[in-house]
Amino acid sequence: MTDSAHARKIAFASFVRKALADARAQRAWTGTEVSRRTGVSRQTINRWVRGEWASDPEAERVVAFCEGLGLNPITAFGVLGWDRTTAARPTPAPPPMDPDVEALLRRLVDPNISDAEKFHIRETIRYLAYRPKLPSAPQKRAKRAG
């Protein structure tokens, strides 16, 4: 393996590790959740993290990984030494954020909030995100005017 190929593997592994760490810290996503949201298998992501790939990652998987994490694929392409002029798909505008969710996100990045409090916020969010849906309340019938 050439030095440049080895350096690209190390650089891409570092890029993927940082993306995963950011997803854990900012979104409280596990490796399984990252895999689910990006459509890239955990095995593939783990190979990227370890730099254990014989040929370059497939561009479609790199794009899916980046887009699933809200990253610009051009950055990953640059780390891999690929053509930076390749146009990325336009990033859709994020949906409007509920003010309460924004407040929680601000608390999660606030250095004045304790790690214990941040842990509690993340665990509560995880519970709410994955709990079974509540059954719909039966709709009341309007009384007929008689």
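This is a predicted model: local features need pLDDT of at least 70, side-chain atom pairs count only at pLDDT 80 or more; totals for chains, interfaces and linings use all residues.
Buried, in what follows, means under 20% relative accessible area.

**The overall picture**

Let's start with the fold. The protein has seven helices and zero strands, so reading from the N terminus you simply get α-α-α-α-α-α-α. Of its 146 residues, 25% count as buried.

**The core and its aromatic residues**

Now for the inside. The largest nonpolar core has 21 residues, and the members that touch the most others are Phe 12, Val 16, Val 34, Ile 45, Trp 48, Val 62 and Phe 65. Helices α1, α3, α4 and α5 (73-80) each give two or more residues to this core. The largest share is that of α1, with six residues.

The rings deserve a look of their own. There are five aromatic pairs in the structure, and one aromatic cluster takes in Phe 12, Phe 15, Trp 48, Trp 53 and Phe 65. Two of the pairs involve Phe 12. With Trp 48, Phe 12 makes an edge-to-face pair, with 5.3 Å between the centres and 70° between the planes. Phe 12 lies in helix α1 and Trp 48 in helix α3 (residues 42-50), so this pair ties together parts of the chain that are 36 residues apart in sequence. Phe 12 and Trp 48 are both buried.

The pair of Phe 12 with Trp 53 is edge-to-face too, at 6.1 Å centre to centre and 85° between the planes. Here the link runs from helix α1, where Phe 12 sits, to the loop between α3 and α4 (59-68), which holds Trp 53; the two residues are 41 apart. Both Phe 12 and Trp 53 fall under the buried cut-off.

Setting aside its neighbours within four places in sequence, Trp 48 is in contact with Phe 12, Ala 13, Val 16, Val 40, Trp 53, Pro 57, Arg 61, Val 62 and Phe 65.

**Charges over rings**

Which rings have a charged end sitting over them? The table lists two cases.

| Charged residue | Ring | Distance to ring centre |
|---|---|---|
| Lys 9 | Trp 53 | 5.3 Å |
| Arg 27 | Trp 29 | 4.8 Å |

The ring of Trp 53, then, has the charged end of Lys 9 over it and also pairs with Phe 12.

Ala 21 is part of helix α1. Is Ala 21 buried or partly exposed? Its relative accessibility is 38%, so Ala 21 counts as partly exposed. In space, C-alpha to C-alpha, Ala 21 is 9.8 Å from Gly 31, and in sequence the two are ten residues apart.

Ala 28 belongs to the loop between α1 and α2 (31-38). Most residues other than glycine have a negative phi. Ala 28, though not a glycine, has a positive phi of about 60°. Ala 28 counts as buried because its relative accessibility is 12%.

Next comes α2, whose buried residues are Glu 33, Val 34, Ser 35 and Thr 38. Val 34 also shows up among the core residues that touch the most other members. The cover over the buried residues of α2 includes α1, α3, α4 and α7. Just after α2 there is another positive phi, of about 80°, at Gly 39.

**Helix α7**

That leaves α7, which spans residues 115-130. Its 16 residues reach 22 Å from the first C-alpha to the last, close to the 22 Å expected at 1.5 Å a residue. Which residues of α7 are buried? They are Lys 118, Ile 121 and Arg 122. These three cover an arc of only 95° around the axis, which puts them on the same side of α7. The other side of α7 has Ala 116, Phe 119 and Tyr 127, which are exposed. As for packing partners, the buried residues of α7 pack against α1 (3-27) and α6 (99-109).

Notes:
Residues are numbered from 1 along each chain as its sequence is written. Side-chain values use heavy atoms; hydrogens and water are left out. Helices (H or I, at least four residues) and strands (E, at least two) are DSSP runs, numbered from the N terminus. The expected span of a helix is 1.5 Å times one less than its number of residues. Buried means under 20% relative accessible area, exposed over 50%, partly exposed in between (1.4 Å probe, protein chains only). The arc is that of the directions from the helix axis to the C-beta atoms. Contact means heavy atoms within 4.5 Å. Rings of Phe, Tyr and Trp (its six-membered ring) pair if their centres lie within 6.5 Å; planes under 30 degrees apart count as stacked, over 60 as edge-to-face and the rest as tilted. A charge sits over a ring if NZ of Lys or CZ of Arg is within 6 Å of the ring centre and within 35 degrees of the ring normal. A nonpolar core is a set of buried Ala, Val, Leu, Ile, Met, Phe, Trp, Tyr and Cys residues joined through side-chain atoms within 4.5 Å.
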